[in-house]
Amino acid sequence: MKTPSIIIVGILILSELGLFSCSQSTSKAIIGTWQIAHLKITMPSYKNSDSTQNMEVLGKNWEAKMKSKNIQTTYAADGTYHSLHRNLQGKTTYDPAGTWKIIQDTLIIQDTIPKRITYKFRFKIKKNQIEYWGIEDFDLDGKVDDQYYSRQVKL
């Protein structure tokens with residue numbers, strides 16, 4: 001009876017070590033500065049209306065469509081991040097910052113500047129690209145119902 005228990009405990013320990021090392025390598029891979037290559041947001045009940053608003057932009061068309069420089073998000077090894085937003089002249093217009101951590105396949109971003117907001121994204125990193133999927137209140141209508149997708153490239 002004790003042998004199967006020991007085997008089960010051993011398997012659990014090994015699987016935890018595997019998750020930990022996977023998390024550590026993923027954490028190392030995310031460190032650096034990233035820029036949006038593709039952004040797609042679907043906002044049902046846009047601004048509390050009965051219509052759905054879709055927004056999609058590719059990185060190569062970012063400046064023309066968004067009337068700003070492409071957003072650059074930097075993840076630091078110490079678990080902090082900031083997301084630089086600049087106008088077409090290069091002047092910073094918004095620079096939220098805070099902390100980040102990875103739990104399994106989820107990236108958790110905690111804004112602390114300008115205000116406390118938590119975002120959770122499923123994500124996948126392949127070489128110099130990262131994809132995010134999540135639900136948030138992008139249209140600021142008070143409902144966390146907007147579907148967010150982003151593919152970013154490492155600079």
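Modeller: The accessible surface of the protein chain amounts to about 9,900 Å², and carbon and sulfur atoms account for 58% of that area. The model is a predicted one. Of the 155 residues in the protein chain, 33% are buried. The chain holds 2 helices and 10 strands, and from the N terminus the elements follow the order α-β-β-α-β-β-β-β-β-β-β-β.

Turning to the core itself, the largest nonpolar core comprises 21 residues, and those with the most contacts inside it are Ile30, Leu39, Tyr75, Trp100, Leu107 and Tyr132. Two or more residues of this core come from each of strand E1 (32-43), strand E2 (53-58), strand E6 (97-103), strand E7 (106-113), strand E8 (117-126) and strand E9 (129-136). E1 is the largest contributor, giving 5 residues to this core.

Leaving aside residues up to four places away in sequence, Leu39 touches Met55, Glu56, Val57, Trp62, Tyr148, Tyr149 and Ser150. For the chain as a whole, among contacts between residues at least 6 apart in sequence, 37% join residues at least 24 apart.

The charged pairs complete the account. Side chains of opposite charge can pair when their charged atoms come close. The whole structure contains 2 salt bridges. In one, Lys69 pairs with Glu63, with the closest N and O atoms 3.5 Å apart; Lys69 is partly exposed at 22% relative accessible area, and Glu63 is partly exposed at 39%. Lys124 forms a salt bridge with Glu131, the closest N and O atoms lying 4.0 Å apart, and Lys124 is partly exposed at 37% relative accessibility.

Technical notes
Residues are numbered from 1 along each chain as its sequence is written. This is a predicted model: local features need pLDDT of at least 70, side-chain atom pairs count only at pLDDT 80 or more; totals for chains, interfaces and linings use all residues. Side-chain values use heavy atoms; hydrogens and water are left out. A nonpolar core is a set of buried Ala, Val, Leu, Ile, Met, Phe, Trp, Tyr and Cys residues joined through side-chain atoms within 4.5 Å. Buried means under 20% relative accessible area, exposed over 50%, partly exposed in between (1.4 Å probe, protein chains only). Helices (H or I, at least four residues) and strands (E, at least two) are DSSP runs, numbered from the N terminus. Contact means heavy atoms within 4.5 Å. Accessible areas come from the Shrake-Rupley method with a 1.4 Å probe; for residues, only the protein chains shown count as cover. A salt bridge is a side-chain nitrogen of Lys or Arg within 4 Å of a carboxyl oxygen of Asp or Glu.
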